[in-house]
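This report covers one protein chain.

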Amino acid sequence: MAEEKRDYYEVLGLSKGASEEELKKAYRKLAKKYHPDVNPGDKDAEAKFKEINEAYGILSDPEKKTRYDQFGFAGVDPSYGGGGGMGFDMGDIDLGDIFGSFFGGGFGGFGGGGSRRNGPQKGESLRVNLALSFEEAAFGCTKEIELSRTETCEECKGSGCAAGTTAETCPDCRGAGQVRIQRGAGGFAFSTTTACQKCRGTGKIIHTPCKTCGGAGSVRKKRRVSVTIPAGIDDGQAVSIRGQGNAGTNGGPAGDLLVRVQIKPHPQFQRDGVTVLYEHPVTFYQAAMGAELEIPTIDGKVKYSLPAGTQTGTTFRLRGKGIPELRSSRRGDQYVTIKVQVPTSLNSEQKAALNAFGAAMGEEVQESGLKSFFDKKKKKK
């Protein structure tokens, strides 16, 4: 009944006097949300979809919209005596175009707004992982990767047809790869575009397929590909090699090869971006008296003068001894943290010497250790 209907503008979430573009935008949004293909078996969604189509069918027609704006439902619904009828035609609305604009050329069989299925298509990209040592990632290297990929069949040059034969243009879709289907639901008619079943979306029918590829136009082969890894690449980053992926279709270019780097742990160094972190062990004596140290770096060992009285946990920097910045001539630094090693196993003479040192520093020491130390000194005299 008329009194049970909602205002058409309210149905579309608009105000009276909305422009044609606003009406179309609102309809597309709601039709996408409540379409039966998106909500299978949902009676509420189906009812809302019919209500949306009814509202848009009236408001998208200038003549009916004018009558509705002036007289309301009485201007468009025979039950109100206003004439005009509710038998509006939705046949000029292609939902394939609507859904294609949202999903890039196909949604649930809709593809009117997308590209032709039998046009040139870029091949699928391949993804592989490559393990590198710490130094290989730091300084760059060249690696060979073995992979399996599809390539254009050399026998038929990608046509899929045996020598001396050609493919027939599909009679159902006339080479388009897609067909338009008229559908109706709840008194509304609309059209959708879907892949042609006869040619499976290729737009052609091969009667005598190539024996090498079986009509596919491509074959799978194993290849070894050389990959250049740039200096400074970090864990998880990838190198893209154009045209080394799977073969394209219908004359389209091959896909790409994406090589993702995984850096193996180093026994001494840790990495933080372009910074190298390293812990260097020193003895108690070296820390107290100072020492000339040889510090490992990714370039080899370098000398460093450790000041007397260095405490454990002290960090110093070696400039330019870190990781090269990616695609740059600059380098990071290496930070060296000093770790003072405490002796864990001492003989009696070493213990006595430490006791004597402790006594000289005013610390409480073991008497037995002091006596043993001085007894040895007396015997030597």
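## A buried aspartate and its partner

D256 is buried, at 10% relative accessibility (buried means under 20% relative accessible area, exposed over 50%, partly exposed in between, with a 1.4 Å probe and protein chains only). K122 counts as partly exposed, at 46%. D256 and K122 form a salt bridge, with 3.2 Å between the closest N and O atoms (a side-chain nitrogen of Lys or Arg within 4 Å of a carboxyl oxygen of Asp or Glu). The pair links distant parts of the chain, 134 residues apart. D256 sits in the loop between β8 (238–241) and β9 (257–263). K122 sits in the loop between α5 (95–103) and β1 (126–132). Helices (H or I, at least four residues) and strands (E, at least two) are DSSP runs, numbered from the N terminus.

S125 also lies in the loop between α5 and β1. S125 is partly exposed, at 22% relative accessibility. Leaving out residues up to four places away in sequence, S125 touches G255 and D256 (contact means heavy atoms within 4.5 Å).

## Model and confidence

This is a predicted model: local features need pLDDT of at least 70, side-chain atom pairs count only at pLDDT 80 or more, and totals for chains, interfaces and linings use all residues. Residues are numbered from 1 along each chain as its sequence is written, and side-chain values use heavy atoms, with hydrogens and water left out.

The average pLDDT of the chain is 83, and 81% of the residues score at least 70 (pLDDT is the predictor's confidence in each residue, from 0 to 100). Over residues 80–115, pLDDT stays under 50. For that stretch the model has 96 contacts beyond four places in sequence.

## Overall make-up

The chain has nine helices and 15 strands. Of its 381 residues, 36% count as buried. Take contacts between residues at least 6 apart in sequence: 62% of them join residues at least 24 apart.

## Other salt bridges

The whole structure holds 18 salt bridges. One of them joins R317 and D333, with the closest N and O atoms 3.6 Å apart. R317 lies in strand β14 (residues 315–318) and D333 in the loop between β14 and β15 (334–341), so this pair ties together parts 16 residues apart in sequence. R317 is partly exposed, at 35% relative accessible area. D333 is buried, at 17%.

E10 and R6 meet through their side chains in another salt bridge, at 3.7 Å from N to O. E10 is partly exposed, at 46% relative accessibility. R6 is partly exposed too, at 35%. A network of salt bridges links R6, E10 and E51.

## Packing of α2 and α3

How do helix α2 and helix α3 cross? The axes of α2 (residues 20–34) and α3 (residues 43–59) come within 9 Å and cross at roughly 165°. Axes are lines fitted to C-alpha atoms, for helices over the stretch in contact, and angles run from 0 to 180 degrees between N-to-C directions. The two helices are therefore roughly antiparallel (angles under 35 degrees count as roughly parallel, over 145 as roughly antiparallel, 65 to 115 as roughly perpendicular and the rest as oblique).

The crossing of α2 and α3 is left-handed (the near helix is turned anticlockwise from the far one by less than a right angle; clockwise is right-handed). Residues of α2 that meet α3 include L23, Y27, L30 and Y34. On the α3 side, the residues include F49, I52, Y56 and L59.
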